[in-house]
Amino acid sequence: MTRADALAVWAALAALLVVAETMAHTRRQRVRGLWSLTAPLLARTPSRVVLLLGWMWLGWHFFAR
Amino acid sequence: MRTRSAHLARWAGPGHLVGLVAALAYSWWAAATAPFTIGADVATAIPLVAVTAVAGGQWWSARRHATLPSALRRLDRPERAGAWWPVPSALVALVGWELYNFFSAPRVTHPTISSLYDAASRSHAWKATFFLAWLALGWELVRR
């Protein structure tokens, strides 16, 4: 496998996610979007804290370290 | 439909526009900092502290059964009908590909999200865009 192959897979997977999320916004009754799926997690304090900690780690990992 | 119009009207309001411009300016400044420096630590820590403060305030309000500030309340309710599997399937595929690349070598032929970000973040504009996206994600997490 070459770097170009790996990048092509990354692009295809990103496009798949974008298409799925776009379908959720354009066909609300047929596909559930990311926020719709995370709503139950955000409704409970422990899982909400985990999501917030994940967001914090993401920022620290990419921008500070 | 009315909730969607209200949602759009809310986003076009002066408060949100000021917030958006401030977030853009902050992201542009934060993107100018180099990782492993005090500047980058401070630029990243400020949103962390702000989100922690808002989330703590929400938790405290919920404990006291008080209503949330209007700015933190959603106008549109999350949709619940429809197939749940497309978005998680795409995410699982992404995570699987990330793990495959992470445990493979060399990195140049097996790029991970971090290595792709490292390459993209050499551009100030791209790094500012990623930072802005991260801020938006944090805001969405505390807004919902």
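A polar contact is a pair of N or O atoms within 3.5 Å, and within protein one atom must be able to donate a hydrogen and the other to accept it. Keep that in mind while we look at how two chains meet. The model is predicted.

Start with the overall meeting of the chains. Chain A brings 42 residues into contact with 51 residues of chain B. How much area is buried between chain A and chain B? The figure is about 4400 Å², and carbon and sulfur atoms give 70% of this area. In chain A, three residues lose the most area to chain B: W10(A), W55(A) and F63(A). Together they make up 21% of what that side buries. The size of an interface is often given in this way, as the accessible area lost when the parts come together.

Now use the opening definition. Between chain A and chain B, 13 residue pairs are in polar contact, with both residues at pLDDT 80 or more. Which elements of chain A give two or more residues to the side that touches chain B? They are α1 (3–26), α2 (34–43) and α3 (45–64) of chain A. The residues on this side of chain A divide into 27 nonpolar, eight polar and seven charged.

Next come the charges. Side chains of opposite charge can pair when their charged atoms come close. Over all chains, the structure holds three salt bridges. One pair crosses between chains: R65(A) sits in the segment after α3 of chain A, and D41(B) sits in helix α3 of chain B. Their side chains meet at 3.0 Å, N to O. Between chain A and chain B, the count is one salt bridge.

Stay with chain B and turn to its surface. W29(B), I38(B), V42(B) and I46(B) form a nonpolar patch there. Together these residues have about 400 Å² of accessible area. Where does the largest share of the nonpolar patch come from? Helix α3 (residues 38–63) of chain B gives that share, with three residues. I38(B) is found in this helix.

Finally, look at the backbone of chain B. F36(B) lies in the loop between α2 (14–31) and α3. F36(B) has a positive phi of about 70°, although it is not a glycine. Another loop runs between α4 (86–102) and α5 (113–120), and P106(B) is found there. The peptide bond from A105(B) to P106(B) is cis, with omega near -5°.

Key:
Residues are numbered from 1 along each chain as its sequence is written. Chains are lettered from A and ligands numbered from 1 in the order in which they are written. Side-chain values use heavy atoms; hydrogens and water are left out. Contact means heavy atoms within 4.5 Å. Buried area is the accessible area (1.4 Å probe) that two parts lose on being put together, summed over both. A salt bridge is a side-chain nitrogen of Lys or Arg within 4 Å of a carboxyl oxygen of Asp or Glu. A polar contact is a pair of N or O atoms within 3.5 Å; within protein, one must be able to donate a hydrogen and the other to accept it, and residues adjacent in sequence count only if both atoms are side-chain atoms. Helices (H or I, at least four residues) and strands (E, at least two) are DSSP runs, numbered from the N terminus. Ala, Val, Leu, Ile, Met, Phe, Trp, Tyr, Cys and Pro count as nonpolar, Asp, Glu, Lys and Arg as charged, and the others, Gly among them, as polar. Patches are made of residues with over 30% relative accessible area and no salt bridge: like charges are joined within 9 Å, nonpolar side chains (Val, Leu, Ile, Met, Phe, Trp, Tyr) within 5 Å. Accessible areas come from the Shrake-Rupley method with a 1.4 Å probe; for residues, only the protein chains shown count as cover.
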